[in-house]
Amino acid sequence: MRLLIMGPPGVGKGTMAAYIKKTYNISHISTGELYREAIARMNSLGTLAKGYLDRGELVPDAVTVDLVKETLKKSEYKEGFLLDGFPRTIPQAQALDDILEEKQWKIDVVLNLTADDETIIERITGRRICSNCGALYHTTNIKPAVDDICDNCGAALFQRPDDNRETVARRLKIYREQTEPLLEYYRRRGLLRDVDAEGTVADNIKEVEKALGGFNDND
Ligand code: AP5
């Protein structure tokens, strides 16, 4: 199964990706996560990407396309993957088409998560992440048992540097201008499935399951 998960920043893509990964035993590739790992390692990709992420801007297409191209060469993605945060522009979508065509692979479903801007801002500004295992929490919606400590592994939680109101406003603006037009790109091909992500995580899972109806890990 090859899936794309799309939607505005903070709508819950990472949360649903974790569920899909576990339930369908599918590899998860998040371009945002790849950039954050590169920044933590302080390698040349991280040095290049840091300013863009801190400002809430998109890293240039050529850089991101190369990153995805290299990542998809790994054998673990042969059987399928869930691509989260890519493509985000029309040129990225066209580049993905070329990469897939070369490998004779095709996308099965594009999930499009939707929620109001108010919900999104509340989710992003309250997000906390485990510094060790990456588990996602929220200061009011999804609280850990002990404040600022991960339930799974006991490590400290942190807040992403781009999770502040000013940067979120920029990320949302860029999403509307550059990423939203992509929805039509996939809708025209009959691949897009809308997912109402306004409710609780449990509600969102039900919506994702509805949208994925007909697919299983043998597809
Ligand atoms: P990326 O990491 O992809 O960030 P994003 O798209 O802004 O998405 P987020 O990770 O912020 O949110 P999410 O939708 O995954 O929500 P989550 O599940 O965490 O990209 C970061 C940056 O990298 C970009 O700005 C750009 O600079 C660069 N980049 C990445 N890809 C690129 C590309 N293709 N091209 C160029 N640049 C690129 O949920 C959010 C919070 O809400 C959490 O706290 C969660 O616990 C909570 N929550 C989730 N669901 C619910 C619910 N149903 N109810 C209540 N709370 C909920």
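Student: Neighbours within four places in sequence aside, what is Leu4 in contact with?
Tutor: Leu82, Leu83, Phe86, Pro87, Leu96, Ile107, Val109, Val110, Leu111 and Tyr186, where contact means heavy atoms within 4.5 Å. This is a predicted model, with local features needing pLDDT of at least 70 and side-chain atom pairs pLDDT 80 or more, while totals for chains, interfaces and linings use all residues. Residues are numbered from 1 along each chain as its sequence is written, and side-chain values use heavy atoms, without hydrogens and water.

Student: OK, the largest nonpolar core: how many residues, and which have the most contacts inside it?
Tutor: There are 25 residues, and Leu4, Leu72, Phe81, Leu83, Leu96, Val110 and Tyr186 have the most contacts inside the core. Such a core joins buried (under 20% relative accessible area, 1.4 Å probe, protein chains only) Ala, Val, Leu, Ile, Met, Phe, Trp, Tyr and Cys through side-chain atoms within 4.5 Å.

Student: Which elements give two or more residues to that core?
Tutor: β1 (2-6), α4 (61-71), β3 (81-84), α5 (90-103) and α8 (181-187). These are DSSP runs numbered from the N terminus: helices H or I of at least four residues, strands E of at least two. α5 gives the most, with 5 residues.

Student: And the second core?
Tutor: That one is separate and has 23 residues, among them Val11, Met16, Ile20 and Leu212.

Student: Switching to the open sheet, what's the strand order?
Tutor: β6-β5-β7, 3 strands with antiparallel pairing; strands pair if DSSP finds at least two bridges between them.

Student: Why is one side of β6 and β7 left without a neighbour there?
Tutor: Because β6 (136-138) and β7 (157-158) are at the edges, each with a single partner strand.

Student: How many bridges between β5 and β7?
Tutor: β5 (residues 127-130) pairs with β7 over 2 bridges, antiparallel.

Student: What stands opposite Cys130?
Tutor: Leu157, in β7.

How values were computed
Buried means under 20% relative accessible area, exposed over 50%, partly exposed in between (1.4 Å probe, protein chains only).
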